[in-house]
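Subject: Structure for you, with notes

Hello,

Here is the structure I said I would pass on. My notes on it follow below.

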Amino acid sequence: LKRLSLFLIPSLWQGFAALITLPLYTYILGPAEFGAFALIASMTGIATAVITSGWLFLLSSDYLKISQQERGRLASTIVILGLCQGLLLSALYLLTLPYMQRLWPEIAAAPRLALYLAIAEMLLGLPWAAALTILVLENRAASYALIMTAKSLLGITATLFALYILRSGMLALFVGAALSAAASCAGAIWVLRGYIGSLPSWRWAREALRLTLTASPVNLLESLHVISERFLLTSTLGLSQLGIYSHSQQYRQLANMPVGALQKSMQSTLLAEAREPRLDFNKTRQAWEPAYLALTIAGICLATCGQDVIRLITHDKFTAAAPWAALWMAYLLIQNSAQAQMGLLYANKNDRLRLKIMATSMSLGIAALFLAIPRWGIAGAVICAFLQQILIRSWLHLSTGKHYDLPRTNAWIISGTALIVLALIATALTQPWGLAGRVMTMSSLLTLCVWPGLRHIKDLIKTLK
């Protein structure tokens with residue numbers, strides 16, 4: 001319980017801080033500025049995904065199995081290798097920048113300093129990616145809580161200072177992101193201080209590069225997927241609609257913070273249960289069922305009264321994001337399903353199957369984007385995201401079901417998604433009744449899901465004790 005709390009509290013603090021500062025951000029900035037930030041940040045975010053995918057899998061699968069001395073060699077190898085890869089991709093990014101500016105006039109219109117700050121954020125965040133994985137594997141929840149709180153505070157302070165004191169407009173978002181990454185880099189140095197004297201190992205470097213190269217087709221497809229989504233939304237609907245779309249994803253990110261904290265606190269338990277002969281995943285199931293309940297509640301609340309809340313905290317600039325924000329809660333339900341299947345995948349180091357699933361889903365997802373977004377706009381992008389996750393989770397179930405008899409845990413996923421969709425439909429039907437109709441709809445649907453969910457919360461508390 002203490003470990004879960006230390007992982008959970010910083011995530012809740014980050015979510016709370018993001019909500020209370022959002023009115024301050026949106027008082028000055030609008031959808032177009034947030035859309036430009038999302039477009040530029042996605043370019044460097046792609047580089048981070050490409051660099052880290054191989055060696056994060058290596059850390060997760062091998063770190064706990066090797067000696068303390070060898071852990072130091074692995075950690076130093078990964079940090080040095082990651083920074084070298086980051087510098088190489090940064091140089092490539094700067095060389096291709098003129099082409100990207102011709103392709104996207106929105107990037108050409110952005111301040112050059114914003115592009116440099118985005119690159120700095122990517123480079124500073126790489127050591128933290130390795131340190132975070134080690135913190136999770138070693139269950140060092142207190143260190144995680146301290147670093148994440150400091151990272152959040154520095155990022156918010158820097159953004160508000162740049163926005164209101166320096167009056168730098170959209171650039172303030174990049175300043176806050178870069179300084180937040182600098183705080184995480186300092187935290188990574190502190191976490192890895194015991195390994196600073198360790199020499200890198202060619203063996204680990206070759207293994208990390210092998211996994212990175214093996215994952216390269218998937219990473220390139222993922223990069224192409226993000227670029228295609230952003231490009232199609234911007235070219236079809238404009239930068240402001242991309243801002244609306246990215247704002248709706250912010251609520252997904254906020255909800256994913258406590259969900260991610262649960263995932264971090266349960267990762268070692270999941271891997272341990274995946275190596276047991278029984279494969280009942282009892283502790284994993286008891287931990288995740290209350291999380292599914294919480295996501296369902298969040299989705300119902302956003303579907304019914306989300307437009308009122310978002311109108312209030314964003315000065316009516318992002319109200320159109322409300323229904324999409326509700327659907328992202330259902331998306332998180334699907335994305336965080338198949339925990340037992342994912343545990344078996346990592347425990348057995350079945351990287352080939354993981355890459356095959358991801359490559360196929362990404363390829364189909366990219367093709368679907370070009371068909372769906374020009375026809376249905378933001379709705380098309382959301383539909384493609386859902387279909388991709390459904391394909392991934394279904395494939396995981398089918399592939400592991402051939403070899404293992406695993407417990408069925410899809411009841412909350414299906415019922416939670418259905419309740420969120422039902423809430424959106426009921427809200428549209430009761431629109432003439434105003435706020436009273438939305439509150440009545442919310443109360444009715446919350447009663448349907450909360451009462452049966454109380455048993456799962458009690459089971460979790462007993463398990464944590």
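The second largest pocket holds about 570 Å³ of space. A pocket here is an open set of points on a 1 Å grid over the protein atoms alone, where a 1.4 Å probe fits, with protein on both sides within 12 Å along at least five of seven lines. Points are joined across faces, edges and corners, and the volume is the space filled by probe spheres set on them.

This is a predicted model, in which local features need pLDDT of at least 70 and side-chain atom pairs count only at pLDDT 80 or more, while totals for chains, interfaces and linings use all residues. Residues are numbered from 1 along each chain as its sequence is written, and side-chain values use heavy atoms, without hydrogens and water.

The pocket's lining (residues with an atom within 4 Å of a point) comprises 23 residues, with Met43, Ile46, Met100, Ser223 and Ile227 nearest the centre. Among the elements giving two or more residues to this lining are α2 (31–62) and α3 (68–95); α9 gives the most, six. Helices are DSSP runs (H or I, at least four residues), numbered from the N terminus. The lining has 18 nonpolar residues, five polar and no charged ones; Asp, Glu, Lys and Arg count as charged, Ala, Val, Leu, Ile, Met, Phe, Trp, Tyr, Cys and Pro as nonpolar, and the others, Gly among them, as polar.

Helix α3 also contains both Arg73 and Glu70, three residues apart, about one turn of the helix. Their side chains form a salt bridge (3.8 Å, N to O), meaning a side-chain nitrogen of Lys or Arg within 4 Å of a carboxyl oxygen of Asp or Glu. The count of salt bridges is 10.

On confidence, the chain has a mean pLDDT (the predictor's confidence in each residue, from 0 to 100) of 87, and 95% of its residues reach 70 or more. Helix α17 (residues 434–464) is lowest, at a mean of 77, and helix α12 (residues 322–335) highest, at 96.

Regards
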